[in-house]
Amino acid sequence: EKLEVIIGAGFEFTQPIQLRFNELMTGAKTDIAVKIFGEDTELLKQYAEQAERIISEIPGAGDVKAEQTEGLPQLMIRFNRKKIAEYGLDISSINEIVRASFAGESAGVVFENERKFDLVVRLQEGSRQELALASLFIKTPGGQSIPLSELAFVEYTEGPMQISRENARRRINIGVNVRNRDIASLVADIQSQLESKIKLPPGYYFSYGGQFENLQKASRRLMIAVPVALLLIFALLYFTFEKIKYALLIFSAVPLSAIGGVFALWLRDMPFSISAGVGFIALFGVAVLNGIVLISHFNRMRYDDNISDMKKVVLEGSLVRLRPVIMTATVAALGFLPMALSTTNGAEVQRPLATVVIGGLVTATLLTLLVLPVMYYLVNRNIKREIPGAAVIALVLGLGFSTSGMQAQTPFTPEMAMEAAVNNNPLLQAADLQVQKGSLAQQKSTFIPATNFGLQGGQINTSAFDLNLSIEQSLGNFASNKARKNLAQQQVALSQAEKTRLEYHIKGKALKAYFNWYYAEKKVELLQGQLDSIARITNLAQVQFQNGEINKLDLTLLENEASRIQQDFTHLDQQRQMAYFNLQKQCLITDTLVMPAQVDFTYGTSVDVESTYLAPEMAQIEVKKKEAALVQSELKPSFSLGYFYQTI
């Protein structure tokens with residue numbers, strides 16, 4: 001009478017709840033998720049509490065909360081094995097009764113058309129809420145019913161709430177939300193504070209995720225989207241006017257509008273964000289439209305109306321097109337004004353985008369009406385010493401881009417990696433000083449003793465004054481001097497050979513680190529494509545499951561495959577970060593590195609092993625030979641010259 005029969009699909013999370021649960025546990029919805037990885041849960045908890053205190057003191061960090069890992073109440077059952085044996089029972093049977101009473105146990109299968117459901121048996125809700133395990137009766141093989149308290153000791157204890165793992169490493173997550181500042185600068189402050197104040201033991205390290213990780217991914221995509229958008233704009237301009245100079249002329253509106261966008265962000269105290277980057281793309285399109293309106297009218301006056309006076313074309317054309325240009329910019333700016341003043345949900349995305357567009361349109365309109373007619377006049381006037389049109393346009397484009405700060409970062413090539421490793425390595429600098437020291441020692445290899453002077457005066461045999469004068473110069477051992485000079489030259493050659501080998505070794509390590517980074521980046525890109533594909537397939541499969549086209553097993557297998565790919569992606573992303581830091585370590589630089597689109601893989605294939613790696617050993621043999629020759633030369637005679645004068 002206390003049993004409850006349930007017909008259902010078992011006890012599991014539905015897909016939306018499961019995805020939300022995973023987001024909360026991994027910090028995906030947090031602005032910044034600071035993750036501490038290690039082995040010992042207690043030690044991780046100590047470091048997490050220490051990091052939580054440090055992050056809370058940083059300006060702009062709000063809602064700092066470390067992941068709760070302890071305090072979960074548990075109902076512990078300690079079996080009395082002796083009593084269990086006396087009643088003829090076994091632990092597995094008792095565990096099955098306890099599990100069936102509270103969690104439910106499948107007792108069969110119920111079919112409904114083409115679907116099947118588990119038939120689950122468990123205690124009624126009132127009996128389950130009391131959790132009176134001690135009074136739960138167990139039937140013995142002899143037919144007796146005895147309470148569980150006779151067979152085991154039941155008590156409440158506190159245990160770990162959860163032990164989170166990521167990439168087979170234990171992890172504690174610290175969630176941080178951003179208040180009145182940008183995510184990138186806050187993460188930089190958190191990194192510097194944690195690295196300076198917390199010394200982690202080997203095997204423990206910090207990682208940063210959450211919305212900050214999404215920001216990094218979006219920034220990398222934006223670095224591709226912006227150049228592609230600019231290239232498409234230029235291509236369309238060229239196809240429209242069929243002349244490069246007019247395409248470049250109208251394209252000058254891009255840096256002119258970027259000046260206003262950057263100034264508007266600074267004026268409203270807004271950092272550059274992904275939405276601001278999208279706003280720049282929209283701004284470039286509207287700014288180019290004004291240039292098309294103006295240049296098209298200039299060309300119509302020149303070619304259709306046959307007006308040859310360039311000054312008249314520029315002045316009259318600018319006056320005629322003043323109203324359309326201003327109206328185009330005003331309508332676009334007014335359309336974005338509600339977004340710029342928005343304070344509702346999503347305002348943090350709308351405000352930067354609208355601010356960039358409005359500010360850029362103001363400067364683009366003013367400069368288009370002033371600068372563009374002047375540039376058109378300069379590239380089309382008929383004078384003998386005409387300034388090349390492309391040069392004028394390129395000058396304005398260069399000034400505009402340098403003012404707006406929109407230059408792309410230079411890609412980091414393998415040649416740059418090897419050059420940085422060679423220039424920054426202190427061992428190579430020491431080897432270069434050793435070569436210089438040997439060159440100076442070579443100049444002092446010839447040894448000539450000092451000149452000896454002698455003077456004596458006095459009475460020797462009689463009262464007369466006698467004089468004794470001598471001058472002697474030793475010429476040294478000619479053979480020893482020559483052998484010593486040869487030895488010094490060979491030692492310089494040895495130092496040079498060791499320096500060359502060290503340089504090749506440093507270049508090789510830098511090149512290996514570079515290609516490991518390149519390989520990891522490409523693997524992450526490929527796996528990202530697989531993740532996007534499996535996500536689309538999983539969404540389609542969920543729709544098919546709801547329509548009854550596939551069964552639960554097919555959907556579960558597909559979700560498991562998606563989870564496996566996600567785990568592989570996380571592991572590969574960690575490898576990519578390690579490869580990136582290793583490359584910076586080998587090159588001894590701290591700059592942000594950008595991978596080029598194409599990389600040459602033929603470096604290092606033409607190294608002469610004998611002349612590079614065996615040269616120091618061969619030079620060492622020659623040094624020993626020269627040392628032996630020096631010892632033998634010292635057995636040969638030395639020579640000297642002198643003058644002697646004496647009166648007696």
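What span should the 34 residues of α13 have at 1.5 Å a residue, and how far apart are its end C-alpha atoms?

A: This is a predicted model, in which local features need pLDDT of at least 70 and side-chain atom pairs count only at pLDDT 80 or more, while totals for chains, interfaces and linings use all residues. Residues are numbered from 1 along each chain as its sequence is written, and side-chain values use heavy atoms, with hydrogens and water left out.

At 1.5 Å a residue, the 34 residues of α13 should span 50 Å, and the end C-alpha atoms of α13 are 46 Å apart, which agrees. The expected span of a helix is 1.5 Å times one less than its number of residues, and helices (H or I, at least four residues) and strands (E, at least two) are DSSP runs, numbered from the N terminus. The helix α13 also bends by about 40 degrees at Thr-368, where the bend is the angle between axes fitted to the seven residues ending there and the seven starting there.

A nonpolar core is a set of buried Ala, Val, Leu, Ile, Met, Phe, Trp, Tyr and Cys residues joined through side-chain atoms within 4.5 Å; buried means under 20% relative accessible area, exposed over 50%, and partly exposed in between (1.4 Å probe, protein chains only). This core holds 40 residues, and among those that touch the most other members are Leu-237, Phe-280 and Tyr-376. Apart from this core lies another of 26 residues, including Leu-44 and Ile-190. In soluble globular proteins, nonpolar side chains tend to be buried together.

Phe-280 and Ala-354 are 74 residues apart in sequence, with their C-alpha atoms 9.6 Å apart in space.

Elsewhere, a search of the whole structure finds 9 salt bridges, a salt bridge being a side-chain nitrogen of Lys or Arg within 4 Å of a carboxyl oxygen of Asp or Glu. Asp-432 and Lys-499 form one of them, at 2.9 Å from N to O, and this pair links distant parts of the chain, with Asp-432 in helix α16 (residues 426-443) and Lys-499 in helix α17 (residues 478-546), 67 residues apart. Asp-432 counts as partly exposed because its relative accessibility is 28%, whereas Lys-499, at 18%, is buried.

Glu-521 and Arg-576 form another salt bridge, at 3.4 Å from N to O, which joins helix α17 to helix α18 (residues 552-587) across 55 residues of sequence. Both Glu-521 and Arg-576 are buried. By contrast with such links between helices, Glu-622 and Lys-625 both lie in helix α20 (residues 615-633), 3 residues apart, about one turn of the helix, and their closest N and O atoms are 3.8 Å apart in a salt bridge.
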